[in-house]
Amino acid sequence: MLNFTPLARPIFRRRAAAAACWADVDGMERTQRAVLAWLLRRGAATDYGRRYGFGTFTCYEDFASAVPETGYEAIRPSVMRMVAGERDVLWPGVCRRYAQSSGTSGGKSKYIPITDDSLRINHYGGGASSVAHYLAMYPHSRLFGGKSFILGGSFANELSDVPPGVRVGDLSATLIDRINPLVNLMRVPGKDVALMADWTKKLPLLIENSIHSDITSISGVPSWFMTVLRGVMERAGVSCLHDVWPNLEVFFHGGISFAPYRSQYEQFCDPSRMRYVENYNASEGFFAVQDTPESGRMRLLADIGIFYEFKPVDGGAIVPAWRVEQGRIYSLLISGCNGLWRYEPGDTVRIESVEPLRISIAGRTSCFINAFGEELMVWNADAALAVACRRTGAAVANYTAAPVYADGGHKGHHQWLVEWTRRPSCGNEAFADILDAELQKVNSDYEAKRAGGIFLDRLELTEVPHGAFDRWLASTGKLGGQRKIPRLSNDRKIADAIIRNNL
């Protein structure tokens, strides 16, 4: 296949260079205030904009004082009006595409509007930014000398009566369905396979559709892609992925932390030829991209139709992007061209640097354990698990953890359900000792509760059989390439369900 990278590079160079406009605090403020002004002008004639007086605002401070923070349950009625065909509700016009996302505390799925503006400016704009920064980091890349293997979802959804012309499903399904036909020539699998809902039928077709292609990049969720890639290698009879795709150079990943999976990818990919690039993209928007070879730090995208606010998880006033503090952890709020206003997607982020503004994902606001005052976050768990795996030669396919409350004279503790790809050389109990010690290193509250075994006992590690997490996802109707396992829960609903499914 011809190498089109030299032709594409000048186009993407402009996109990467644009980030200089918000590299310092003053530039971030100018850029973000301009984005907010544009959003408010567009939103002023909507039902939501009229309710809160968008047309009267002259600055961010007016907006922040008049418009409340909101979560999905508060806007669910408005979204369902949009699904039914009503126009000018949260964003101008009629919206005909929605991303079905994980359920809220009410147990229902969320349906995030994907407007024409959000699709063009934000989602595709974010993808272009990721490629642009990658090409800037690696001037000798041949990214467009082959095809991209993109692992997507489907239009399967939980709505019983979707109006004609309305499409609801995984965000990735809409991205693939609406992609430029020219771009579609540069990717695999074909649309008919990419949008299949039945994962059991889809997996073998993904393997067959990709194994004979010249793949230069892969894009998707690390846990799900690992299943596909192992299938490709098994089908080809090789132990190194580069024996199948010699020109493979990068994995664009997101959705979950890559840390627990990095060692496994490094074992079946040639480290001298493989790079890993993280993106922060969600159903609610595309927010940040990795712009340096250093993993875990992503550049906030300030000019692609999203206005950001940050709410300190340890208390304090909500601040805009130009007033965040390095090292602090915040819950993210967004206002965007999909009609979400001061909306909390449910993610917490750590500010890694201010100039330029780079973040890392700390976890979910609803995905933590604080049953005993330990305030364990997902980034704590992922970091400790990665160290424990590295020290013991273990590899984890999936995990989740939940509290076990004090009973019968026993102190409370955490139970970790772990599905191994490769068991630890030292055994499960020794691994649990290491993991517990590493958790204490990364979380001072956990360390304090564990001190002397007075308040909290050492964690309990429970090995679950191969496929346990897939079976649980299937039981919830959420088995598929874009579905994610909740890593930490403050109750035992998920842990107990997984255990019941595997008795």
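This is a predicted model: local features need pLDDT of at least 70, side-chain atom pairs count only at pLDDT 80 or more; totals for chains, interfaces and linings use all residues.
Some ground rules. Residues are numbered from 1 along each chain as its sequence is written, and side-chain values use heavy atoms, with hydrogens and water left out. Local features need pLDDT of at least 70, side-chain atom pairs count only at pLDDT 80 or more, and totals for chains, interfaces and linings use all residues.

Start with helix H1, residues 5-17. Helices here are DSSP runs of H or I, at least four residues, numbered from the N terminus. H1 has 13 residues and spans 17 Å from first C-alpha to last. That is close to the 18 Å expected at 1.5 Å a residue, taken as 1.5 Å times one less than the number of residues. H1 bends by about 30° at Ile-11. The bend is the angle between axes fitted to the seven residues ending there and the seven starting there.

Which residues of H1 are buried? Thr-5, Ala-8, Arg-9, Phe-12 and Ala-16. Buried means under 20% relative accessible area, exposed over 50%, partly exposed in between, with a 1.4 Å probe and protein chains only. Their cover includes helix H6, 116-137, counting contact as heavy atoms within 4.5 Å.

Next, Arg-450. This residue sits in helix H15, residues 444-450. Arg-450 counts as buried because its relative accessibility is 14%. Leaving out residues up to four places away in sequence, Arg-450 touches Asp-436, Gln-440, Leu-456, Asp-457 and Arg-458.

Last, cysteines. The structure holds 0 disulfides, meaning pairs of cysteine sulfur atoms within 2.5 Å. Cys-337 is buried at 1%; Cys-59 is partly exposed at 26%.

How values were computed. Helices (H or I, at least four residues) and strands (E, at least two) are DSSP runs, numbered from the N terminus.
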